[in-house]
Amino acid sequence: MINIVRRAGWCFTVPGLPVPKGRPRVVHKDRAGQMLKKPHTFTPKATKVYEAKVAAMALRTGVRRMKGPVSLEIQVFLSGTTVMDLDNVYKACADGLEGIAYENDRQVWGGSFERFTDEKDPRVTIILIPYVAPNDETP
């Protein structure tokens with residue numbers, strides 16, 4: 001027998017070409033070339049801008065903070081020739097939803113990412129639902 005579990009959640013689209021999560025950058029000198037007392041780490045600007053776009057689309061959709069474990073699924077639509085690491089797109093989306101859909105991305109207990117081809121309309125569809133363990137027991 002197959003159990004079908006209905007779970008309320010949200011589904012929304014972030015239009016445009018996704019930006020994979022960039023690696024943190026570390027600088028040891030200031031803009032004048034002087035050595036810093038301790039290294040400064042920062043997130044690349046393109047990553048911050050994309051995470052803000054994810055957050056804005058979530059807020060526009062009416063996404064509210066979920067309590068407990070969350071499942072985050074993303075569907076990435078790209079042209080057939082576009083190459084990017086989907087796991088880094090997933091991380092950018094997860095970080096963009098932090099503080100909006102959940103307190104911290106440590107609440108993401110499950111999920112998936114898939115790639116689809118769309119030559120004319122690059123985008124990411126995000127699906128957020130409460131996480132249900134495979135054995136139907138809530139963690």
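These legends cover close-up views of a helix pair and a strand with its two partners in a predicted model.

The model is predicted: local features need pLDDT of at least 70, side-chain atom pairs count only at pLDDT 80 or more, and totals for chains, interfaces and linings use all residues. Residues are numbered from 1 along each chain as its sequence is written, and side-chain values use heavy atoms, without hydrogens or water.

**View 1. Helix α1 crosses helix α2.** The axes of α1 (residues 45-61) and α2 (residues 86-97) come within 8 Å and cross at roughly 55 degrees. Axes are lines fitted to C-alpha atoms, for helices over the stretch in contact, with angles from 0 to 180 degrees between N-to-C directions. The two helices are therefore oblique to each other (under 35 degrees is roughly parallel, over 145 roughly antiparallel, 65 to 115 roughly perpendicular, the rest oblique).

**View 2. Residues at the contact of α1 with α2.** From α1 come Tyr50, Glu51, Val54, Ala55 and Ala58. They meet Ala92, Cys93, Asp95, Gly96 and Leu97 in α2. Contact means heavy atoms within 4.5 Å. The residues divide into 7 nonpolar, 1 polar and 2 charged; Tyr and Cys count as nonpolar, Gly as polar, and Asp and Glu as charged.

**View 3. Strand β6 and its partners.** In β6 (residues 123-130), 7 of the 8 residues are buried, so the strand is largely enclosed by the rest of the structure. Buried means under 20% relative accessible area (1.4 Å probe, protein chains only). Strand β1 (residues 10-15) pairs with β6 in the antiparallel sense over 6 bridges. Here Thr13 stands opposite Thr125. Strand β4 (residues 70-78) also pairs with β6 in the antiparallel sense, over 8 bridges. Leu72 has Leu128 as its bridge partner. Pairing requires at least two DSSP bridges between two strands.

Definitions and conventions:
Helix = DSSP H or I, 4+ residues; strand = E, 2+ residues; numbered from the N terminus. Buried < 20%, exposed > 50% of the residue type's maximum accessible area, 1.4 Å probe, protein only.
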